[in-house]
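Take a look at the model below.

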Amino acid sequence: MLPDNGFVHYRYADALLRAGRVPEAIDSYRTAVKLQPELYEAWTNLGGALLMLERPGEALPAYEAALGLQPNNPQARENLDYTRSLLR
């Protein structure tokens, strides 16, 4: 059982993702951002994991949240624009 700490869930999700356990990683990223919504990296990685499973409609809000946290981050803008292009 992991503690109620968003950063811990984020790091665990990264490990799951590296192990190819994408659905479990998504769950852990979602827990991370629920506990600590200011975790830009967790939002970004959640979006990326969802795209790995070809779920751009679910990735879009994650990338929007990431851009909201770092509006001047060009990678955040690029991720959001790319995901929007998948939905056209």
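**An aromatic cluster and its surroundings**

Phe7, Tyr10 and Tyr29 form one aromatic cluster. The model is a predicted one. Searching the whole structure turns up two aromatic pairs. In one of them, the ring centres of Phe7 and Tyr10 lie 5.6 Å apart and the planes meet at 50°, so this pair is tilted. The cut-offs explain the label: planes under 30 degrees apart would count as stacked, and over 60 as edge-to-face.

Phe7 and Tyr10 both sit in helix α1, which covers residues 6–18. They are three residues apart there, which means a separation of about one helical turn. How accessible is each of the two? Phe7 has 43% relative accessibility, so it counts as partly exposed. Tyr10 has a relative accessible area of 10%, so it is buried. The limit for buried is under 20%.

Tyr10 also pairs with Tyr29. Here the ring centres are 6.4 Å apart and the planes stand at 45°, so this pair is tilted too. The pairing cut-off is 6.5 Å between centres. Which parts of the chain does the pair tie together? Tyr10 belongs to helix α1 and Tyr29 to helix α2 (residues 22–35), so the link joins parts that are 19 residues apart in sequence. Tyr29 is at 0% relative accessibility and therefore counts as buried.

Now the whole fold. The protein has five helices and zero strands. Read from the N terminus, its elements run α-α-α-α-α. The radius of gyration is 12 Å, close to the 12 Å that the globule rule gives for 88 residues, so the protein is as compact as a globular protein of that length. Along the principal axes, the C-alpha atoms fill a box of roughly 40 × 25 × 15 Å.

How much of the chain is buried? Buried residues make up 40% of the 88 residues. The accessible surface comes to about 5,200 Å², and carbon and sulfur atoms hold 53% of that surface. Contacts also reach along the sequence. Of those with a separation of 6 or more, 43% are between residues 24 or more positions apart. As for charge, the protein has 9 positive and 11 negative charges.

Next, turn to helix α3, which spans residues 40–52. Glu41 has its place in this helix. At 40% relative accessibility, Glu41 counts as partly exposed. Glu41 and Phe7 are 34 residues apart in sequence, yet their C-alpha atoms are 9.7 Å apart in space.

The last stop is Ala62, in helix α4 (residues 56–69). Is Ala62 buried or exposed? Its relative accessibility is 2%, so Ala62 counts as buried. Which residues does Ala62 touch, beyond its neighbours within four places in sequence? The contacts are Trp43, Leu46 and Gly47. Contact here means heavy atoms within 4.5 Å. Pro23 gives another reference point for Ala62. The two residues are 39 residues apart along the chain, and 15 Å separates their C-alpha atoms.

Notes. Residues are numbered from 1 along each chain as its sequence is written. This is a predicted model: local features need pLDDT of at least 70, side-chain atom pairs count only at pLDDT 80 or more; totals for chains, interfaces and linings use all residues. Side-chain values use heavy atoms; hydrogens and water are left out. Helices (H or I, at least four residues) and strands (E, at least two) are DSSP runs, numbered from the N terminus. Buried means under 20% relative accessible area, exposed over 50%, partly exposed in between (1.4 Å probe, protein chains only). The radius of gyration is taken over C-alpha atoms; the globule rule is 2.2 Å times the number of residues to the power 0.38. Accessible areas come from the Shrake-Rupley method with a 1.4 Å probe; for residues, only the protein chains shown count as cover. Lys and Arg count as positive and Asp and Glu as negative; His and the chain ends are not counted. The place of a charge is taken as NZ of Lys, CZ of Arg, CG of Asp or CD of Glu. Rings of Phe, Tyr and Trp (its six-membered ring) pair if their centres lie within 6.5 Å; planes under 30 degrees apart count as stacked, over 60 as edge-to-face and the rest as tilted.
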